Amino acid sequence: NLMLKKKLERHINAFLTSYLEDNEEFIGLDNADKLYIYSILRKLLTLIYQVIRYPNVYPILLVQNYKSKQIIQKAFKEVEIIIPTVNNIKIEVVN
């Protein structure tokens, strides 16, 4: 199972790297912001994988502010037709 998790992490990292290296907005960010965006996207993809693979799992995503929560909820709304279990991910704001 650890081997499968490592393989999944490699796939997620490869996907994100390939996606972000062509993204103009991302390229223009400073390194701290790049790292933050990368880590958030990585976390989101991991959670989405979990709810696809395990439909009875209800993970919680902690975000720093309400605006972040709104942005992620909007993105989830757009993919819920394809991935209905994305609604299992609960988003909570922590300050």
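Which side chains meet in a salt bridge at 3.4 Å, N to O? They are those of Lys-77 and Glu-80.

## Basis of the description

The model is predicted, so local features need pLDDT of at least 70 and side-chain atom pairs count only at pLDDT 80 or more, while totals for chains, interfaces and linings use all residues. Residues are numbered from 1 along each chain as its sequence is written, and side-chain values use heavy atoms, with hydrogens and water left out.

## Salt bridges

The structure holds two salt bridges, a term that requires a side-chain nitrogen of Lys or Arg within 4 Å of a carboxyl oxygen of Asp or Glu. In the bridge between Lys-77 and Glu-80, Lys-77 is exposed at 55% relative accessible area, whereas Glu-80 is partly exposed at 21%. Here buried means under 20% relative accessible area, exposed over 50%, and partly exposed in between (1.4 Å probe, protein chains only).

A salt bridge also joins the side chains of Glu-9 and Arg-42, at 3.8 Å, N to O. Because Glu-9 lies in helix H1 and Arg-42 in helix H3, this pair ties together parts that are 33 residues apart in sequence. Helices (H or I, at least four residues) and strands (E, at least two) are DSSP runs, numbered from the N terminus. Glu-9 is partly exposed, with a relative accessibility of 27%; Arg-42 is likewise partly exposed, at 26%.

## Aromatic pair

A search of the whole structure finds one aromatic pair. Its members are Phe-15 and Tyr-19, which are stacked, with 6.4 Å from centre to centre and 10 degrees between the planes. Rings of Phe, Tyr and Trp (its six-membered ring) pair if their centres lie within 6.5 Å; planes under 30 degrees apart count as stacked, over 60 as edge-to-face and the rest as tilted.

Phe-15 and Tyr-19 are four residues apart in helix H1 (residues 2-20), so about one helical turn separates them. Phe-15 is partly exposed at 48% relative accessible area, and Tyr-19 is partly exposed at 46%.

## Nonpolar surface patch

Leu-29, Tyr-36 and Ile-37 make a nonpolar surface patch of about 220 Å². Patches are made of residues with over 30% relative accessible area and no salt bridge, with like charges joined within 9 Å and nonpolar side chains (Val, Leu, Ile, Met, Phe, Trp, Tyr) within 5 Å.

## Largest pocket

The largest pocket has a volume of about 520 Å³. Its lining consists of 16 residues, and Leu-41, Leu-44, Ile-71, Ile-72 and Ala-75 lie nearest its centre. Two or more lining residues come from each of H3, strand S1 (60-63) and helix H4 (66-79), and H3 gives the most, with seven residues. On a 1 Å grid over the protein atoms alone, a pocket is an open set of points where a 1.4 Å probe fits, with protein on both sides within 12 Å along at least five of seven lines; lining residues have an atom within 4 Å of a point.

Pro-84 is placed in the loop between H4 and strand S2 (90-93) and is exposed, at 52% relative accessible area. Pro-84 and Ile-52 are 32 residues apart in sequence, with 8.6 Å between their C-alpha atoms.

Arg-53, in helix H3, is partly exposed at 44% relative accessible area. Arg-53 and Thr-85 are 32 residues apart in sequence and 9.5 Å apart in space, C-alpha to C-alpha.

Conventions. Areas by Shrake-Rupley, 256 points an atom, 1.4 Å probe, with all protein chains shown as cover. Points joined across faces, edges and corners; volume = space filled by probe spheres on them.
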